[in-house]
Structures are given as structure tokens and as C-alpha cells.
Amino acid sequence: MRTLVKKNKAVFIGLFFCNLLVAFLTPYILPERYFNDTVIIVFDKGREIGWFGSYPFAIMFYKLTGLRHLSFFLIALIQFPIVTYILYKIGVPHNFHKLNVKNILVYIGLLLLGIYMSMPTKEFITFLMFCTIPFIFQSNKKPVFKIAFSLILIACFSFFRPYYLLMPIFAIGMYLLSFIKFENKTISIIFYGILIAIFLSLSHGAIRGEYISKQTRENYVVENINKKNINTAVVSPISQDTWYGEAFGIVYGFMAVNVPVIEAIKHILSPQVLVFVLWQLLLFYILFVRFSRCLKNRKQYQFELWTLLILFAFFIVQGIFEPDLGTSIRHKIGLFPLIYFALYYEDFRKDIRQSI
């Protein structure tokens, strides 16, 4: 008896095998600087192992699973199939085999998954955490429970990265703002979401004497620029030691990692950077358009709206914390299950409607 494989699934499976080969070969191709985090996770020279914090938990995770004792090509053969299978279980879009901008973005995303899953990485753990959200939204529970549980779960992820705690705050704040009548609601909500981030950072500065970005992005950038480990650093042209410098820095950071036009100009002669920039610009634009569509039909697209609110909350958080464009792309790959779900929510609506 002949088994027929639909075109969309055939392309998905074909991409899986192609990128599995990429994952297999990546450890032998990438420059040494791409493995800085991996070296910390595998060798734990600073004795950071523990249950709280991204490095301590990642070190503990790879120790308990035994993965840190395996060769990188074996880790790639374990991690990449797991993340790809999760995406497959979320669903394969019916037109996944057709060449369009949205599909090409996901094809590139799968390529990036192959690269980043080829080694011990914090993004594998992040992926496993955030892949729960689409499955919760596709479950048979009541809508209010699914939304509330998802936000609480993301807040709980703060044991790994403390700034995840900000995501539900921004998401809820932007959701409440969506009930206000603005001339351009989508832009206004994102703008006021950034203002919330600025307010929180200035409040932290007033209480602790140091703004949030000073503790994260600025210190990291100074250290790694001196070591020449990064070439797409997010450096505000205005010092962030003052309140207005911090406010400008957060806005600048948001634009630099989400709408990186300035980065494209700076690195016009670096093809690899331009590819990242183009991927990021197209991704942001498509999600922005979908966010606008969901805001106009909030009842019909309530789970899709919350998925996008969570994503844009994360993008705003990146404006505070991300030290460079490359790191911001890697962190987005950790949230790829949410991006994947948001890009193809029309294909998953059948399952969602059945649960309402």
C-alpha cells in the first residue's frame, strides 16, 4: 500500500534533513567566538552550577542529562530533531511548500535552529520552555485559563532569565492599552509599551541607583568590544548615565535589535550581517501587520493576539537588555515556537476554534 506525503509535509521533512546536516557540520565550521557560551556551560570553570540563572541552570541541565559529555555532532543529532519535532506537532501549514516571504523567513529560521542547536546552548532550554505556550493555546481548556496560565508560566521562567518576568507585565499593559482609541492603535501600543519599559528602568535607577541597561547591555558591550568578541554591538550614541540618556538608549536599543536599519548602514559591506538584518526587518514587519489585524478582531483572534502581545513584550525587553544584533537573533530563535505559531495562526485556527 502506497503512503502519500503531502507537499507541505514533504518540504518540512526535506528541510529537516538539510538542516540536520547543517547542525552536524556547524561545530566544524563556525569560528571559536561562537562557542563562548558553550565553553562556560560545558567546563563550568567558574563553578556557577545551580538552579537559578541562565548559566547555572544550563550547566546543571547539561550535566544531569549527560549531554555535556557528548561530542557536539551527537548533541546536534539529539537537539535539532527534538525542536523540529515540536514544531511539527504544533502543525505544518498547508501552503508550507510554496515560496513566499513568510515561508522563506521560516526556512531561514529552521537553518538558524540547525546552527544554534548544534552545541550546548541556553537557547535549547528556552525553546523547550516557550514551546509550551502554543500547546496551551491549542488545548481544550477555557480561554481565560489558557491565557492566565500562559502568563503565569512565563513569569515562572524568570528563574532562568529574570527579565522574563517583565514580559507578562508588558503584555498585560499593552493589552489594556488596546482598549483605548488611538489613531494608529498598533504603533501607539508598542510606543506606550516602550514607555512602560523606560518607566521601570528609571524607577529601578531611582531605587537602586543604577539603570537596568547599565547592569546588562552596557557592561557586557564594553567588556566584549575590548575582547573583539562582537561586531554588531548596540551602543547608544548618548551616554545612559542620565535619565534622558537611559530613555533614549532603550528606544535606540529597541530599534537596533528589531528594526535594525542603522545596523544595515553600518555593516553594508558585511553580507552575513545584512542577511540577519533583512530577516529581522521582514519578520518584524509581518508580525506588526498581524498584530494590527488581531487588534481589529480581538474576539476572533484572542489567542493569536496574546501570542503577539507576548512576542512584542519580548521585543521591548530586548530593547533594554540585548548587547548586540547577533545575540538578539539567537534569543529570538529560543522563542521560535511562538514566532512560528504567530506566523501561521490561520492554519492552526481549526484546532483553536474546537476548544472554545
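1. Phenylalanine 96 is buried, at 0% relative accessibility, and tyrosine 107 is likewise buried, at 15%. Buried denotes under 20% relative accessible area, exposed over 50%, and partly exposed the range in between (1.4 Å probe, protein chains only). The model is a predicted one: local features need pLDDT of at least 70, side-chain atom pairs count only at pLDDT 80 or more, and totals for chains, interfaces and linings use all residues. Residues are numbered from 1 along each chain as its sequence is written, and side-chain values use heavy atoms, leaving out hydrogens and water.

2. Across the whole structure, 39 aromatic pairs are found. Rings of Phe, Tyr and Trp (its six-membered ring) pair if their centres lie within 6.5 Å; planes under 30 degrees apart count as stacked, over 60 as edge-to-face and the rest as tilted. Phenylalanine 35 and phenylalanine 72 are stacked, at 5.9 Å centre to centre and 20° between the planes. This pair links distant parts of the chain, 37 residues apart: phenylalanine 35 is in the loop between helix H1 (7-29) and helix H2 (36-43), and phenylalanine 72 is in helix H4. Helices are DSSP runs (H or I, at least four residues), numbered from the N terminus. Phenylalanine 35 is buried, at 10% relative accessible area, whereas phenylalanine 72 is partly exposed, at 26%.

3. The rings of phenylalanine 96 and tyrosine 107 are edge-to-face, because their planes stand at 85°, with centres 5.3 Å apart. Both residues belong to one aromatic cluster, whose members include Phe12, Tyr88 and Phe348.

Technical notes. Helices (H or I, at least four residues) and strands (E, at least two) are DSSP runs, numbered from the N terminus.
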